[in-house]
Structure formats: structure tokens, C-alpha cells
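Let's take a friendly walk through this model, one topic at a time. Have the coordinates open and follow along.

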Amino acid sequence: MTDSDPDLRLGRYVATPVGGENVRAFVPPPLPPTPPVDVLALLDRLSLAERALGRLDGITMLLPRQELFLYMYVRKEAVLSSQIEGTQSTLSDLLRFETEARAGEPIDEIREVSNYVDAMMYGLERLADLPLSLRLIREMHGRLLKSGRGGTKDPGEFRRSQNWIGGSRPGNALYVPPPVTELDACLEALEHFIHEDESRLPALIKAGLLHVQFETIHPFLDGNGRIGRLLVTLYLCVNGVLRKPLLYLSLYLKTHRGDYYRLLQEVREHGAWEAWLDFFLAGVAETANQAFEAATRIVDLFKEDRERITNESDRAGSALRIHELFQQNPFLSSNQLVEKTGLSAPTVNAALAELEKMGIVEEITGRKRGRVFSYQRYLAILSEGTDPLPAGS
């Protein structure tokens, strides 16, 4: 077999006994693919994606409060990534839960999304003193599944039993990942590829390859999809493609989930890396452009509302302080505003009444006590694309 033989891109199947039946588990070849990826054929897509990321990085430098946009954008990604896994939570659910604007115990699905935010932020902060590695991936997984429905699925540990994707059992599954006996070797090769530079592949191409390889290895009993999507952003941050972690592909993958799953399988069955990378790079460009446009609209909205408050409000000082807090979270209760601003309850309530009259915020509970207000136009921009997937889709 020669280096140019496309069969070198194909993995091998290993007969594996699971639950009384023999199944064919797939073991992928290590990265980079052989023969090498045809980067020349992907140059146009790569150039568009890199330009879109550069533009996104540029607008974030102009945001008055970068960390607030990041705070919200991370939460949007958490909702979308969890929806792909089947939750029905919305961005509003998560934000109301986080600000304790909802009474009672949070439902498991909102807890799952909140865990995803925690895992994501933990991973990004941990990169300051730990390389992107199997250890970091395990630590993030531990936080992702620390409570809720994943708590029994070995949080923070690579699997020690066979898993499968699709079907009611391994024997009728759409895909069976590597058996446990092959898992360590697959993961060591993945970690080596994260850090190698002999291939001289562009970081965006490597990120696309890493995502598929991680999904194919499927090293955890639960949470693989969410960690695999997060891996893309972490890799791009580590390699200087992004200064801020603002690229999250879940909306694109949610919208094109049929193509996404088909292309993953075509890489496994036919070594079709170029088709996957074409799709992936198109998603990077589309996602970065959407984030850029959202950031621009949010900056414009905040500026427009500040000017209206300054020009139209009789209580501009207190109203502007409250408006600034709504930029941090579009759901706030009047009690929280009293606590955060240090203003008296009558002053806060009078300012809220003015903001409500101007159409900037609206009260959403209909109650006399424990009232909660939302910054609807801000929330509308943030929430685009985050409606849950229809049941059974």
C-alpha cells in the first residue's frame, strides 16, 4: 500500500462483545489524515473564515464592556449546545434561573445548561496554567456532568464500557465508537495531534479535524457532543486565532444537523475529510459573521437607549445606572436593583416606571411584589436562533 492510497484514511473495525452480541466497533486512524488534506482546494473557504474571525475579534475590541458580551454569548452557546443534545431550555430560562427570578427548584434541563456554562468558563480560565490536554478535557467534563441527569455517567472519567450512537442497542446502532481496549491509544494520538506542528496545517483546519476525531472516539459515556464543540473554541484561543472565545458553532450545527451527522459518518466510512472541512469552514465564517452583526446591533441598541434616557428621562442619573445593570443581565428584579445600585426602593421603582414608559424594559410577572423586569430588545438579539428544536426532529 502506498502513501497515496486513500485506504490509509480509513479506520478499522474490531469485533467487540457487548451484552451478548458481537458488534463491529470502529477505530479511526491517527491524525493528520494520509494522504494529506487538500488545503489548496479549501483556500477560498479558509480565507473567508479567517477574515470573518478577524472582523469579529476587531469588533470585540470596540465593545464598551467586552466581558458582558462574552458573558451573554457563552450562555447562548450553552443553550444551543444543550438543545442539540435534546434539552428544551431557552436562553430566557437560563437567565431567569441564574438571576433567581424564578421561584422554586430549577428543572434538570436548566441545571444542565448552567453546568455547561460552568465547564466552558472553567476550561477557558484553566488554560492560563494547563495546556489543552486530556487532563483539561476530563476536568471540564467533570463540571459538565456534576449534577442533573449526567451525574451517574462517570463525570470526569473516560468510559470503561462500550457506548454507541443511534439505535436501541449496539447491534443496531448507527455508529459504534472504539472499544475500551483501543481507547487509550486513540486518545494519546489525539493529544499528540493537538500539540504537533510537523503537519504545518492552518489552525482552523486542525480544529475541524480535532472535532471529528473527538466525536469519533466518543471517549465519555455522556457529554461528548458538548465537549467536542467546545474543543474547537479552546483550540482556536490557544493558537491565537481568537483573542476572546467568541466562536461557537452550535447554532450552525443545530440548523444543519442533518448534514453535520452525515458528514461525520462519511469521514469514518470514506475518509471524506475535504467535504467535512468545507462544511466546517463555511460554518466558522457564517457563525463569526452572525456574532459580529449581533455585537454591532447590541452596541447600537445600548447607545440609542442611553441617549433616549439622557434626553427624555426626569430621573436620568438613576435610570442610567439601572440601564447599565440591564446590559449585564436582561432579567432583573426590583429588589436586585435596589441591592446592586444602593438606591432606595422608591428611587428604583420610579426609574423603572420611566424605563417601562419609554419601552426600554417591561415587567413580566404581573405581580405587585417580587416584580421582575426584562430588557426585551436586548434579549431579542441575544435569543435569535435559540428556540428549542421541535420534538422528534
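Predicted model: local features only at pLDDT ≥ 70, side-chain atom pairs only at ≥ 80, totals over all residues.

## Where α7 meets α11

Helix α7 spans residues 203-217 and helix α11 spans residues 273-312; they pack at an angle of about 115°, and their axes are 10 Å apart. Since angles of 65 to 115 degrees count as roughly perpendicular, α7 and α11 are therefore described as roughly perpendicular to each other. Their crossing is right-handed.

If you want to display this contact, select L204, I205, A207, G208, L209, H211, V212 and Q213 on α7, together with W273, W276, L277, F280, L281 and V284 on α11. By class, the residues of this contact comprise 11 nonpolar and 3 polar, with no charged ones.

## Where α11 meets α15

Helix α11 also packs against helix α15 (residues 376-383), here at an angle of about 180° and with the axes 10 Å apart. An angle over 145 degrees counts as roughly antiparallel, and that makes α11 roughly antiparallel to α15.

On the α11 side, the contact uses A294, R297, I298, L301, F302, E304 and D305, while α15 brings R377, Y378, I381 and L382. This contact has 7 nonpolar and 4 charged residues, and no polar ones.

## Cavities

How many cavities of 30 Å³ or more are there? The count comes to 4. The largest cavity holds about 110 Å³ of space.

Its lining consists of 17 residues, and R9, P28, P29, Q213 and W273 are the ones nearest the centre of this largest cavity. Helices α7 and α10 (257-270) each supply at least two residues of the lining, and α7 gives the largest share, with 3 residues. Sorted by class, the lining of the largest cavity has 11 nonpolar, 4 polar and 2 charged residues.

## Backbone details to check

Which peptide bonds deserve a look before you set up a calculation? The bond that joins L31 and P32 is cis, with omega about 0°. Another cis peptide bond runs from T34 to P35, where omega is near 0°. P32 sits in the loop between β2 (21-27) and α1 (43-62), and P35 is found in the loop between β2 and α1 as well.

Finally, R200 is a residue other than glycine with a positive phi, near 55°. You will find R200 in the loop between α6 (180-195) and α7.

Methods: Residues numbered from 1 in each chain as written. Heavy atoms only, no water. Axes fitted to C-alpha atoms, helices over the stretch in contact; angles between N-to-C directions. Helix = DSSP H or I, 4+ residues; strand = E, 2+ residues; numbered from the N terminus. Parallel < 35°, antiparallel > 145°, perpendicular 65-115°, else oblique. Left-handed = near helix turned anticlockwise from the far one by under 90°. Contact = heavy atoms within 4.5 Å. Nonpolar A, V, L, I, M, F, W, Y, C, P; charged D, E, K, R; others polar. 1 Å grid on protein atoms, 1.4 Å probe; cavity = no way out; pocket = protein on both sides within 12 Å on 5 of 7 lines; lining within 4 Å. Points joined across faces, edges and corners; volume = space filled by probe spheres on them.
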